[in-house]
Amino acid sequence: ISGCLVLALLIGGFMGIDRFRPEERSISIVNAKVEPSQKETGLKVDAKAAVLMDATSGEVLFAQNAHKRLPPASVTKVMTMLLILEACESGKINLSDTVTISERAAAMGGSQMYMEPGEQHTVEELLMGVAMASANDGAVALAEHLAGSVEMFVERMNKRAAELDMKDTNFVNTNGLPVSNHYTSAYDIAIMSKALIRFPETQKWFTKWQATIKVGLPGKEKDFGLTNTNRLIKIYPGAIGIKTGFTQDAGYCLSGAAERNGTRLIGVILGASTSKVRFAEISKMFDYGFSNFESVKVAKKGQVQKALKLEKGTPSKIDVVMEDDVAVLVKKGKKNSIKTKVEMKGYVPLPLKRGQQLGELVVYQDGVEKERFPIVAAESAKKASIKDLYIQMMKKII
């Protein structure tokens, strides 16, 4: 074939639409699942509201008034910590950043680290104080560091809640101190807790019982002991967090997490009558979950699901991979009932960005669709130039 003929063919093809051609199938939304209640599970929780959720898939295993809007007290700080860690992940701030404590932060009442205006701490020290001792002053200081003011940070809290589809939530402050129109639900708390515990850093704070931190202005520093408010880590095998809360209005609240044999569960209790009751009731939920369900690992983050050829793209082929680790929860003894299938989106124009979603891994149980998980481009790709296409063609000929 002459070079002129090849070039003519390339130019003719180059004028077409630059798209890859996977299976032309749109991605449908899985039908909403019924949330199992006392009738289905035999569970009844002594609290105003409760939820038991699989921490990987988000599947609800038990629900009691799960969407009732209630004050969450200091469980609010789950969202505060989530925003800070997501900002660290994106590079906007760092755990090693120095934060200067403001007058407003130092004036916070309730649980606190008793910091003075002008003293300085790292983001990580403040996160530890918030996670372990529920430090209201630390939560305000972190909010000011990231957003410039508490008010702007609260706007971000509500925006992130909307992104997570937390439909029964409205935040007014960063720490959960009593204030009008500040509410969320047990289900919404489970959703933001699921997002938070994916950060491995949290385990250093959530599972530590005691720690010591220096507080005070330079020359006047003193040791301040932090004791974890979450007794669940002391009394329940496998407990790994997350956050307690209490006010007279909210009652005793808890977002807890526990893990056994690769199965990770999140439990939420809102409005319990005593601290002892909240820990007992969440333990009862976890016992039910671990006795009846187990996780099946389906795929690992970065695992190749498909090799995708690109028309008029460079490179001419990319891998489509899992965005995250994937596991699904099944009733014990049903591991072999799980099957998977890759579904790609319809035509998507070039260029492609690394991490761009290209389809989904669909998980079936006994032939019925159970969950969907994103699969993404392993690398970026762009439209091929005439030179790129010529080189690709010559390689095929050779």
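**Helix α11**

I began with helix α11 (residues 275-292), which has 18 residues and reaches 26 Å from its first C-alpha to its last, close to the 26 Å expected at 1.5 Å a residue. The expected span is 1.5 Å times one less than the number of residues. Helices here are DSSP runs (H or I, at least four residues) and strands likewise (E, at least two), numbered from the N terminus.

I then listed the buried residues of α11: Val277, Arg278, Phe279, Glu281, Ile282, Ser283, Met285, Phe286, Tyr288, Gly289 and Phe290. Buried means under 20% relative accessible area, exposed over 50%, and partly exposed in between (1.4 Å probe, protein chains only).

**Ground rules**

I noted that this is a predicted model, where local features need pLDDT of at least 70, side-chain atom pairs count only at pLDDT 80 or more, and totals for chains, interfaces and linings use all residues. Residues are numbered from 1 along each chain as its sequence is written, and side-chain values use heavy atoms, with hydrogens and water left out.

**The chain overall**

I found 12 helices and 18 strands in the protein chain. Of its 398 residues, 52% count as buried. Among contacts (heavy atoms within 4.5 Å) with a separation of 6 or more, 65% join residues 24 or more positions apart.

**α5 with α6**

I looked next at helix α5 (residues 123-133) and helix α6 (residues 136-147), whose axes come within 8 Å and cross at roughly 140 degrees. That makes α5 oblique to α6; angles under 35 degrees count as roughly parallel, over 145 as roughly antiparallel, 65 to 115 as roughly perpendicular and the rest as oblique. Axes are lines fitted to C-alpha atoms, for helices over the stretch in contact, with angles from 0 to 180 degrees between N-to-C directions.

Which residues meet? From α5 I wrote down Val123, Leu126, Leu127 and Val130, and from α6 Gly138, Ala139, Ala141, Leu142 and His145. By class, this contact has 7 nonpolar, 2 polar and no charged residues. Ala, Val, Leu, Ile, Met, Phe, Trp, Tyr, Cys and Pro count as nonpolar, Asp, Glu, Lys and Arg as charged, and the others, Gly among them, as polar.

**α3 with α8**

My last pair was helix α3 (residues 77-90) and helix α8 (residues 186-196), with axes that come within 9 Å and cross at roughly 35 degrees. Val78, Met79, Met81, Leu82 and Leu85 of α3 make the contact with Met192, Ser193, Ala195 and Leu196 of α8. I sorted these residues into 8 nonpolar, 1 polar and no charged. α8 is mostly covered, with 10 of its 11 residues buried.
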